[in-house]
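Biologist: I have the sequence and the structure open side by side. Could you walk me through it while I ask questions as they come up?

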Amino acid sequence: MQPYNWLETINVTEEMLNKTDHRLPIIWISALDCTGCKEAFTRSFEPSSLDAILNFISLEYSELLSVASGFQVEEHKETIFEKYKGQYVLAVEGGIPGSDEFLMIAGKSVREEIIQAAKNAKAVIAVGSCSAWGGITSAGSNPTNSVDLRTLIPDDIPVALVPGCPPIPEVIVGTFLHIHFHGELPELDKKLRPKAFYQTTVHMTCHRKPYFDQKLFAESYDDEGARKGYCLFKLGCKGPTAFNACESIVSERCISAGFTCIGCSEKNFWDKGSFCGKKKK
Ligand code: SF4
Ligand code: SF4
């Protein structure tokens, strides 16, 4: 496996790195989420979340991560909407409920707030599979009538989907930094995912693929094959159909931990997943 080089992945040169003189304002709105995506965001290693926040991005609003809370942070958010009109990035985490009875923040409709904030954003990022595809909130009978971000906001607004449950920390930060350094979203695939991170399946870069090619499989999680690190395909690994960069970015490897890929970056994975035991019709 090649070492992960974030500068190369998002086409940033050392010169660009040294010349940067402002930070990209980010408003992070949480809908029906578990906060796992925000937690992932704080755990990027290459570059570190700390470096990103101190040097390249300015996280102006997040219910979980902002130091201020209550009316102070809500007022600050409104200020940023005005001050950085057309310049801020809107990050949305979580599925968006079908009605306000399921979620309001500070007495305001989250649905309306996302629609309004998206209109004046430089770009909108659906962070995580809930926001990108509906995720767990729309799984099964979807009791909150949740929808994904793309369903909620008009087509002419630039949107990138960064799926994963949670997404890879470096992918979240890398997408923000691409906008910071290049002034626009990275190149996207047909499903609106940044190509740099979602162009191949987990399987194609998996460190266990040589075993797959030799038809050497673990038959159970505690057999000799599992101990030798054989391919986990027969245990239900979803790596062959999951588009994500887990096996090409060092810090993120369910498969290294000895567990199958569950395909968390794919649509409806909660209903199709190997751990869920239920298929969506
Ligand atoms: S995508 Fe996963 S980690 Fe993120 S909010 Fe949804 S359930 Fe939580
Ligand atoms: S463990 Fe999964 S992703 Fe890796 S080679 Fe086997 S089937 Fe492919």
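Biologist: Let me start with a cysteine: is Cys246 buried or exposed?

Modeller: Bearing in mind that this is a predicted model, Cys246 comes out as buried, because its relative accessible area is 18% and the cut-off for buried is under 20%. Cys246 sits in the loop between α13, residues 224-227, and α14, residues 269-272.

Biologist: Which residues does UniProt list as "binding site"?

Modeller: The UniProt entry, which is unreviewed, places that feature at Cys246, Cys261 and Cys264. These positions are spread over 19 residues of sequence, yet they cluster in space, with a largest C-alpha distance of 10.8 Å.

Biologist: And Cys264, what does it touch beyond its sequence neighbours?

Modeller: Once the neighbours within four places in sequence are set aside, Cys264 is in contact with Ser129, Gly164, Cys165, Pro166 and Phe269. Cys264 is found in the loop between α13 and α14, and it counts as buried because its relative accessibility is 16%, where the limit is under 20%.

Biologist: What about Gly263, where does that one lie?

Modeller: Gly263 is also placed in the loop between α13 and α14, and it is buried, with a relative accessible area of 4%. Its contacts, leaving aside neighbours within four places in sequence, are Lys238, Ala242 and Phe269. The C-alpha atoms of Gly263 and Cys165 are separated by 9.0 Å, although the two residues are 98 apart along the chain.

Biologist: Switching to the ligand, which residues are around ligand 1?

Modeller: The residues around ligand 1 are Asp33, Cys34, Gly36, Cys37, Glu93, Gly128, Ser129, Cys130, Ile136, Gly164, Cys165 and Pro166. The elements that give two or more residues to this shell are α3, residues 36-41, and α7, residues 129-133.

Biologist: How many of those are nonpolar, polar or charged?

Modeller: By class, the shell around ligand 1 holds six nonpolar, four polar and two charged residues.

Biologist: Which non-glycine residues have a positive phi?

Modeller: Ala106 has a positive phi of about 55 degrees, and Asn142 has one of about 50 degrees. Ala106 is in the loop between β4, residues 104-105, and β5, residues 108-109, and it is exposed, with a relative accessible area of 53%. Asn142, by contrast, counts as buried at 15% relative accessibility and lies in the loop between α7 and α8, where α8 spans residues 149-152.

Biologist: Now the aromatics, how many pairs are there?

Modeller: Counting rings whose centres lie within 6.5 Å, there are twelve aromatic pairs. One of them is Trp28 with Phe41, whose ring centres are 5.3 Å apart and whose planes meet at 50 degrees, so the pair is tilted. Trp28 belongs to strand β1, residues 24-30, while Phe41 is in helix α3, and the two are 13 residues apart; both Trp28 and Phe41 are buried.

Biologist: And Phe212 with Phe233, what geometry do they have?

Modeller: Their ring centres are 5.8 Å apart and the planes are at 85 degrees, so that pair is edge-to-face. Phe212 is in helix α12, residues 209-213, and Phe233 is in the loop between α13 and α14, 21 residues apart. Phe212 is partly exposed with a relative accessible area of 26%, and Phe233 is partly exposed with 41%. Elsewhere, ring pairs link Trp6, Phe56 and Phe181 into a cluster.

Key: Residues are numbered from 1 along each chain as its sequence is written. Chains are lettered from A and ligands numbered from 1 in the order in which they are written. This is a predicted model: local features need pLDDT of at least 70, side-chain atom pairs count only at pLDDT 80 or more; totals for chains, interfaces and linings use all residues. Side-chain values use heavy atoms; hydrogens and water are left out. UniProt positions are given in the numbering used here, feature names are shortened, and annotations may be inferred rather than shown by experiment. Helices (H or I, at least four residues) and strands (E, at least two) are DSSP runs, numbered from the N terminus. Buried means under 20% relative accessible area, exposed over 50%, partly exposed in between (1.4 Å probe, protein chains only). Contact means heavy atoms within 4.5 Å. A residue is near a molecule or strand if one of its heavy atoms lies within 4 Å of it. Ala, Val, Leu, Ile, Met, Phe, Trp, Tyr, Cys and Pro count as nonpolar, Asp, Glu, Lys and Arg as charged, and the others, Gly among them, as polar. Rings of Phe, Tyr and Trp (its six-membered ring) pair if their centres lie within 6.5 Å; planes under 30 degrees apart count as stacked, over 60 as edge-to-face and the rest as tilted.
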